[in-house]
Amino acid sequence: MRLLALIGLLAIAGLVAAGGFFLGGFFDISTSWEDPAPVNRAIAQARNASIARHATDTPPGDLAAPQRVQAGARTFAQLGCANCHGAPGVKWQKFSEGMNPAPPDLKEEAAHLSPQQVFWVVKNGIRMTGMPGFRDAAADDALWSVAAFVKKLPEVSDGDYATWTAPPPPAEPPKPQ
């Protein structure tokens with residue numbers, strides 16, 4: 001019985017000490033240092049498991065259609081995704097270099113994620129990473145188009161991306177009658 005009391009007392013003392021450490025400002029929350037490898041692995045495992053568990057939406061049937069991929073490129077550009085992730089022919093913005101964790105290179109990540117997972121991340125974001133959720137910024141159909149574009153991203157040329165995201169030409173003024 002004394003052993004259980006001692007274990008309980010140690011657990012309470014540990015919780016109080018951890019609370020004092022984190023809530024007392026002793027933990028450095030800056031981005032100036034890298035997390036230790038075991039912490040990175042634990043965070044990656046939690047992130048991947050959460051995405052896998054929640055990414056259950058069924059993609060539209062035309063996910064691979066060129067029109068959807070091109071629409072996804074336009075939405076990707078409009079939402080500012082290239083600022084952090086870059087795009088074909090578009091460099092990442094300087095501020096993204098200071099993010100911790102660093103935004104992933106989507107050309108590499110696309111191979112490891114299903115369209116459902118890309119859609120879920122774009123729609124819901126990922127806490128404590130700087131990745132916002134766009135559920136209120138764009139309709140699901142537009143977010144599915146972004147997922148289609150991200151899945152095709154490794155194959156998209158600089159020229160194609162520039163063409164797909166170029167603003168439409170100005171309308172010609174009406175001719176005088």
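Visitor: What makes a residue a contact of Phe76, leaving aside its neighbours within four places in sequence?
Guide: Heavy atoms within 4.5 Å make a contact. In this predicted model, Phe76 is in contact with Cys81, Ala82, His85, Gly86, Ala87, Leu106, Val146, Phe149, Val150 and Tyr161, once those sequence neighbours are set aside.

Visitor: And what is the largest nonpolar core made of?
Guide: It has 30 residues, and Phe76 is one of those with the most contacts inside it, along with Val122, Leu143, Phe149, Val150, Tyr161 and Trp164. At least two residues come from each of α3 (66-78), α4 (81-85), α6 (115-124), α7 (140-152) and α8 (158-165). Helix α7 gives the most, with 7 residues.

Visitor: How do you know that Cys81 is in no disulfide?
Guide: The nearest cysteine sulfur, that of Cys84, is 8.5 Å away.

Visitor: Why is Cys81 called buried?
Guide: Its relative accessibility is 10%, and buried means under 20%, so Cys81 counts as buried. Cys84, at 17%, also falls under that cut-off and therefore counts as buried.

Visitor: Why is Ile7 called partly exposed?
Guide: Ile7 has a relative accessible area of 47%. That value lies between 20% and 50%, so Ile7 is partly exposed.

Terms used:
Residues numbered from 1 in each chain as written. Predicted model: local features only at pLDDT ≥ 70, side-chain atom pairs only at ≥ 80, totals over all residues. Heavy atoms only, no water. Core = buried A, V, L, I, M, F, W, Y, C linked by side-chain atoms within 4.5 Å. Buried < 20%, exposed > 50% of the residue type's maximum accessible area, 1.4 Å probe, protein only. Helix = DSSP H or I, 4+ residues; strand = E, 2+ residues; numbered from the N terminus. Disulfide = S-S within 2.5 Å.
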